[in-house]
Amino acid sequence: METIPFLHLDVTGRNFTPGCVVLVNGWAAPKTDFKDPRWLVVKGGRDLKMLIHLIGTAEIMVWDPLHGVVAGPQDLEWA
């Protein structure tokens, strides 16, 4: 069985609120943790990896259900 390493993304910006959701390639990340108005942590392990691993790049956006898009889109690349 393949072991999936722990995967998370730190998202920095401003004006984040506790209800913000990070979108990865247009899909809601499995879990968005609000840390403060400038920092969100995206978690999801295997589910998060499935959103991003196939193409090697991801478009990241932060969506606030009360105010619309707060940040993004930003492209993320990895090898």
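F16 counts as buried, with a relative accessibility of 3%, where buried stands for under 20% relative accessible area, exposed for over 50% and partly exposed for the range in between (1.4 Å probe, protein chains only). The model is a predicted one, in which local features need pLDDT of at least 70 and side-chain atom pairs count only at pLDDT 80 or more, while totals for chains, interfaces and linings use all residues. Residues are numbered from 1 along each chain as its sequence is written, and side-chain values use heavy atoms, with hydrogens and water left out.

Beyond its neighbours within four places in sequence, F16 is in contact (heavy atoms within 4.5 Å) with V11, F34, D36, P37, R38, W39, L40, V62, V70 and A71.

Side chains of opposite charge can pair when their charged atoms come close. In the whole structure, 2 salt bridges are found, each being a side-chain nitrogen of Lys or Arg within 4 Å of a carboxyl oxygen of Asp or Glu. One joins K31 and D33 at 3.7 Å, N to O; K31 is partly exposed at 44% relative accessible area, whereas D33 is buried at 16%. D33 also forms a salt bridge with K43, with 3.1 Å between the closest N and O atoms. Because D33 lies in strand 4 (residues 31-36) and K43 in strand 5 (residues 39-43), this pair ties together parts that are 10 residues apart in sequence. Through shared partners, the salt bridges join K31, D33 and K43 into one network.

Conventions. Helices (H or I, at least four residues) and strands (E, at least two) are DSSP runs, numbered from the N terminus.
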